[in-house]
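Here is a briefing on one protein model. Look over the sequence and the fold before reading on.

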Amino acid sequence: MIQHVLESDFADFIPPAGQEHAVVYRDRFGLNDVFPHVDLTSNETRTTFNRRIARFRRILASRDATLFVMVSRASIPIGWHFGPLVDLLMAQSPNAELLAIQLLPPRRGGESVGMELVQRREQSRLYDFRPASDESALGYFPDVIDELMILRLIYQYHLDLQDAQ
């Protein structure tokens with residue numbers, strides 16, 4: 001879906017006015033409701049999304065180095081999309097890097113927690129990560145070691161954060 005949104009420059013990201021659901025996401029990706037937490041028929045919500053899209057476009061057009069971080073659950077593998085996604089990002093923003101983390105099922109029994117580099121393209125990297133805990137029900141890892149391992153990868157970039165207006 002992310003690749004589609006970038007390729008289409010958000011053309012069908014927001015459903016037409018008055019519709020709650022984007023048909024293309026149901027038909028192409030099996031997603032009945034992309035934004036269950038917002039009312040896409042509201043003008044205020046649509047304005048907010050359009051502002052966010054404009055800000056994202058400015059970030060892509062910037063000459064500043066940009067780090068995109070993507071974490072995907074095991075049920076949505078990103079390994080086969082990694083190369084094309086990096087190529088697309090590089091075409092739109094040559095100073096961008098993608099740090100992608102593919103979650104594996106949490107450790108069981110004697111398995112150890114681990115982070116393994118599985119693909120590299122340009123400066124972008126894809127890691128497989130077997131966490132100690134399951135975040136699927138909470139949206140965060142109950143075991144702090146999992147959060148720290150992801151943060152450690154991000155901190156390697158020595159970020160100088162700026163607000164993109």
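Is Ser72 buried or exposed? Ser72 is buried, with a relative accessible area of 7%. Buried means under 20% relative accessible area, exposed means over 50%, and partly exposed lies in between (1.4 Å probe, protein chains only).

This is a predicted model, where local features need pLDDT of at least 70, side-chain atom pairs count only at pLDDT 80 or more, and totals for chains, interfaces and linings use all residues. Residues are numbered from 1 along each chain as its sequence is written, and side-chain values use heavy atoms, with hydrogens and water left out.

**Confidence**

- The protein chain has an average pLDDT of 85, and 93% of the residues score at least 70. pLDDT is the predictor's confidence in each residue, from 0 to 100.
- Confidence is lowest in helix α2 (residues 23-29), with a mean of 73. Strand β4 (residues 124-130) is highest, at 95.
- Where pLDDT is low, the predicted coordinates should not be read in detail.

**Overall fold**

- The protein chain holds 5 helices and 4 strands. Helices (H or I, at least four residues) and strands (E, at least two) are DSSP runs, numbered from the N terminus.
- The order from the N terminus is α-α-α-β-α-β-β-β-α.
- The C-alpha trace spans about 55 × 35 × 30 Å along its principal axes.
- Of the 165 residues in the protein chain, 31% are buried.
- Among contacts with a separation of 6 or more, 61% link residues 24 or more positions apart. Contact means heavy atoms within 4.5 Å.

**Helix α3**

- Helix α3 (residues 43-61) has 19 residues. From first C-alpha to last it reaches 27 Å, close to the 27 Å expected at 1.5 Å a residue. The expected span is 1.5 Å times one less than the number of residues.
- Its buried residues are Thr45, Arg46, Thr48, Phe49, Ile53 and Leu60. They lie on the same side of α3, because they cover an arc of only 160 degrees around the axis. The arc is that of the directions from the helix axis to the C-beta atoms.
- Those buried residues pack against α1 (2-7), β1 (66-72) and α4 (79-92).
- Asn43, Glu44 and Ala61 are exposed, on the face turned away from the buried side of α3.
- Ser42 caps the N-terminal end of α3, with a side-chain oxygen 3.2 Å from the backbone nitrogen of Glu44.

**Helix α4**

- The 14 residues of α4 should span 20 Å at 1.5 Å a residue. The end C-alpha atoms are 21 Å apart, which agrees.
- Phe82, Gly83, Leu85, Val86, Leu88 and Leu89 are buried in α4.
- The cover over these buried residues includes α1, α3, β1, β2, β3 (114-121) and β4.

**Nonpolar cores**

- The largest nonpolar core has 14 residues. A nonpolar core is a set of buried Ala, Val, Leu, Ile, Met, Phe, Trp, Tyr and Cys residues joined through side-chain atoms within 4.5 Å.
- Leu6, Phe68, Met70, Phe82, Leu89, Leu98 and Ala100 have the most contacts inside this core.
- β1, α4 and β2 (96-103) each give two or more residues to this core. α4 gives the most, with 5 residues.
- Apart from this core lies another, of 10 residues, among them Leu99, Ile101, Ile150 and Ile154.

**Single residues**

- Ser72 lies in strand β1. Not counting residues up to four places away in sequence, Ser72 touches Ile78, Ile101, Gln102 and Leu103.
- Ala100 is in contact with Met70, Ile78, Phe82, Arg125, Leu126 and Tyr127, leaving aside neighbours within four places in sequence.
- His4, in helix α1, is buried at a relative accessible area of 10%. A polar contact of 3.1 Å joins the side chains of His4 and Asp12. A polar contact is a pair of N or O atoms within 3.5 Å; within protein, one must be able to donate a hydrogen and the other to accept it, and residues adjacent in sequence count only if both atoms are side-chain atoms.

**Positive phi**

- Phe10 is in the loop between α1 and α2. Phi of Phe10 is near 65 degrees, and the residue is buried at 15% relative accessibility.
- Glu122 is in the loop between β3 and β4. Phi of Glu122 is about 55 degrees, and the residue is exposed at 53% relative accessibility.
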